[in-house]
Amino acid sequence: MPRKKIAILWRGDRAARAAATPQNNRYHRIFEEFQALGIDAEPAVYGDDMVEEVRAQLAAVDGVLVWVNPLENGQTRGKLDALLREVAATGPWVSAHPDVILKMGVKEVLYRTKHLGWGTDTHVYRTAEEFRDAFPMRLRFGPRVLKQNRGNAGQGVWKVETAEQPGRRDDFVSVLEARRGSLPETLPLDAFMARCDAYFDWGGCIVDQPFQARLPDGMIRCYMGGDKVIGFGHQLIKALIPPPEAGPNSPAAQPGPRIMHGPDAAQFRPLRRKMEDEWTPQMMKVLKIEAASLPLVWDADFLYGPRTDSGQDTYVLCEINVSCVFAIPDEAPAAIARLALSRLQQQ
């Protein structure tokens, strides 16, 4: 029986495509784990100017594992997603499939699943008119966080709060983008909302959540392989926190290291039980995603919510990442390879 073959795809230029080997990239551990299970894995460096070459390569494999951000250096996934849909329709499985990304890897999922235990007071605006009508009223009850539907690296994610300007009748706001290096800015609310108009063109909506006061306690990244937890990462983030006087590029303004933990980490045991036994199955039901279509690797980012009366932590979902989940815990490459083998055997 011929060995199964998988392509691991990431974005690059022609020089990177020509030079790529299983050993000379950041996914080398995953290549090694595939090889250990008897799966042939090959690099598939992609660029929008190489669609035909990549199409021919993917036609000859049994599965495709994709790591490409939704927004990167001004580039979107428009051409790539069209190619991946075409490839998946001819036989090879694609993880994550673009249609699955549009269900769970966008900020709208925060609104669609807000009734689950990971949700909060979340709203969605589908037009600029709806945004202008409803957002100012919600802002009166405290700081809010606005998120464009598709993005990464903090692009289009804003903390917004009212800012009084003595002697001015207009409503002013203080805003801070989650993108690294951002500085707080005070401007008229109307001007800020006009700045957000472009988000309706690209992502189709804006999602609105309350700002979580325990943000300085850090973010917990729950790494998933299919419907099982494969590890955790805890990081003291600085996004949406005003930088110190030394500025946004100073050492004190940089996020702390992401401390990785295996799936059995005791401090995250309650979160693992919630994810595996409750929240992931409920999400799949709401979004109509079958287990076989779940990405081989994805993550759910949580902030700490208010503590319960007994002092226990609660968790608020702030994002699901599907398009390009890396770095990952040490245990994750082997788990990804085992899950890929299982899917290949089911073909």
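Me: Does Cys 318 count as buried or exposed, and at what relative accessibility?
Reply: This is a predicted model. Buried means under 20% relative accessible area. Cys 318 falls under that cut-off, so Cys 318 counts as buried, at 12%.

Me: How many disulfides does the count come to?
Reply: A disulfide needs two cysteine sulfur atoms within 2.5 Å. For Cys 205, the nearest cysteine sulfur belongs to Cys 196, 12 Å away. For Cys 318, the nearest is that of Cys 222, also given as 12 Å away. The count comes to zero.

Me: How many residues of strand β1 are buried?
Reply: Strand β1 covers residues 5-11. The strand is mostly covered. Of its seven residues, the number buried is six.

Me: Which residue in β2 is the bridge partner of Ile 6?
Reply: β1 and strand β2 (residues 40-46) run parallel. Seven bridges join them. In β2, the partner of Ile 6 is Ala 41.

Me: Which residue in β3 is the bridge partner of Ala 7?
Reply: β1 also pairs with strand β3, residues 63-67. The pairing is in the parallel sense, over five bridges. In β3, the partner of Ala 7 is Val 64.

Terms used
Residues are numbered from 1 along each chain as its sequence is written. This is a predicted model: local features need pLDDT of at least 70, side-chain atom pairs count only at pLDDT 80 or more; totals for chains, interfaces and linings use all residues. Side-chain values use heavy atoms; hydrogens and water are left out. Buried means under 20% relative accessible area, exposed over 50%, partly exposed in between (1.4 Å probe, protein chains only). Helices (H or I, at least four residues) and strands (E, at least two) are DSSP runs, numbered from the N terminus. Two strands pair if DSSP finds at least two bridges between them.
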